[in-house]
Structure formats: C-alpha cells, structure tokens
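Q: I am new to this structure and would like to learn how to read its features. Could we go through it together?

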Amino acid sequence: MRRSGQVVREILEHVRQAVKPGASTLDLERVAAAKIEELGATPAFKGYHGYPCVLCTSINSEVVHGIPSAERKLRDGDIVSIDTGVVIDGYYGDSAITVAVGNRVSEKTRKLLEVTEASLQSAIRAVKAGATLGDVGAAVQETVEAEGFSVVRDFVGHGIGTHLHEDPQVPNFGTRGQGPKLRAGMVLAIEPMVNIGGPGVQVLKDGWTTVTEDGSWSAHFEHTVAVTAEGALVLTQ
Ligand code: MF3
Ligand code: CO
C-alpha cells in the first residue's frame, strides 16, 4: 500500500504543475493518465461504478466527483480539487488536493484551502491504535467549525485496502470516544470536504458531479493513512 500511495502522490504533484488559467480539466486528466501509464499503475477510479476518468476534478462550488471535460477551462481565481487513486499488485491508494488557479484567489478562499488541509492534518494526528473514529471525525469538525466553515456530511472517508472502498465509513464529524476503535494495521482514506457556506450538497444530473446546495465554494483534501500503535503512517505523503 505504500507503493500505491507513493504513486498517487507522484501523480498528484505532477498534475498540480499543469494547473493554470486556460487549462481544461480534460488536460489534467490526460496528464494524469499518461503519468499512471508511465509508472505502470492501474487507475482505480476509471470504470468504478461506470466512472469514466482517472481523475475527479471539482471546480469552485463543486465538492467532489467532477468529471474532466474539454469544456471546463480553469480561470484565474478558481480552485480545483484533484482526486485520484491507483491499484498496484491488488492494493489501492487514494488521495486528493485542492489547488488555487493563478494568483487571483480571494483571501476567504485561501483560508478555505488552508483550513481544510489543516483539518486533515488534525485528523491524522488523532489516528493511533486505541483511538476511535469519533476522535478522528471530531478533530476535523472542530478545526473546520472554529473557522466558521461547514463539514459535508453526505459523503465520508472510508477504509481502503484490496478494494477502493472498504469498511468502516470515516465521517468528518463525530464525538470523541465514540464509534469503532482503531487497531494497528487498519488503513483509512480520510477526506474532509469543507464548504464556505452550509453543509448541504446535491448530485447533478450526470449522476456524479456533487455541488454545494448554496453555491458556496468547497475544498477537499485526502490521504491514505495506516494505523500503528504509535500513530498514523501517511502512505500518500
Ligand atoms: N476519493 C474518492 C473516494 O474515495 C473518489 C472516488 S471517485 C470514483 O470516494 F470515481 F471512483 F467513484
Ligand atoms: Co477516497
């Protein structure tokens, strides 16, 4: 799983370089697909429940699962979430980043990116054998809500291993001490989705693209994390 995690990291850092005003999300998809091929990995998303691409690219008020398209061009001041996964020798890795496009991103939006990434880091700090999923969710929720943003509740993180999605569900909200206990050897994809406005989301008619109900902008960061007795091992670092 460390190998698939490292490959996912390499793909995301490569695609990040291609994010610029004027690039389409299909351009990003092509860059990612070529890199996956070069690294000898198999994309995890393409074909998953019929999903058509190796990346999810979600712009501004899109929360997750945006489908790359030649028609969707990035503009200066936008933000774009890039989410990808691969499978190598039967084991999955999954990670996402949200990137500012150009240099005209507003202060509030920069804060959204910062807080969402910080909420993932606080979740990672909460991971160790004996902690609970409530501890992990509470760490995200407290970080986000302290800044006045909202945690999406309709989508959650997940266990990951020989399948992209395994038990348990990993909510980005919760109560300390509650929920299933973490044990050494478990691997989780932790993926806070955070909105500037309210927590509500809806899925568009394409069956995938998920947007905020109120049109506010949204960010998403994700790591694949192994549980050890000492704490978290971030496989997609
Ligand atoms: N990171 C997302 C997840 O873990 C992406 C899945 S998109 C899909 O759920 F296309 F694979 F469905
Ligand atoms: Co995931």
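Q: Is the site of the cobalt ion (ligand 2) irregular or octahedral, and what are the angles among its donor atoms?
A: Ideal angles are 90 or 180 degrees for six octahedral donors. Six donors count as octahedral if opposite ones are over 155 degrees apart and all others between 65 and 115. Here the 6 donor atoms make angles of 64 to 170°, and the site is irregular. This is a predicted model, in which local features need pLDDT of at least 70 and side-chain atom pairs pLDDT 80 or more, while totals for chains, interfaces and linings use all residues. Residues are numbered from 1 along each chain as its sequence is written, and side-chain values use heavy atoms, without hydrogens and water.

Q: Which residues coordinate the cobalt ion (ligand 2)?
A: Donors are N, O and S atoms within 2.8 Å of the metal (3.2 Å for Na, K and Ca). In this model they come from Asp94, His158, Glu191 and Glu222, at 2.0 to 2.3 Å.

Q: Which side chain has an N or O atom 2.6 Å from a nitrogen atom of ligand 1?
A: A polar contact is a pair of N or O atoms within 3.5 Å. The side chain is that of Asp83, while Glu191 lies 3.1 Å from an oxygen atom of ligand 1, and a polar side-chain atom of Glu222 is 3.0 Å from a nitrogen atom.

How values were computed:
Chains lettered and ligands numbered in written order. Polar contact = N/O pair within 3.5 Å; in protein donor to acceptor, adjacent residues only side chain to side chain. Tetrahedral: all angles 85-135°; square planar, octahedral: opposite > 155°, others 65-115°.
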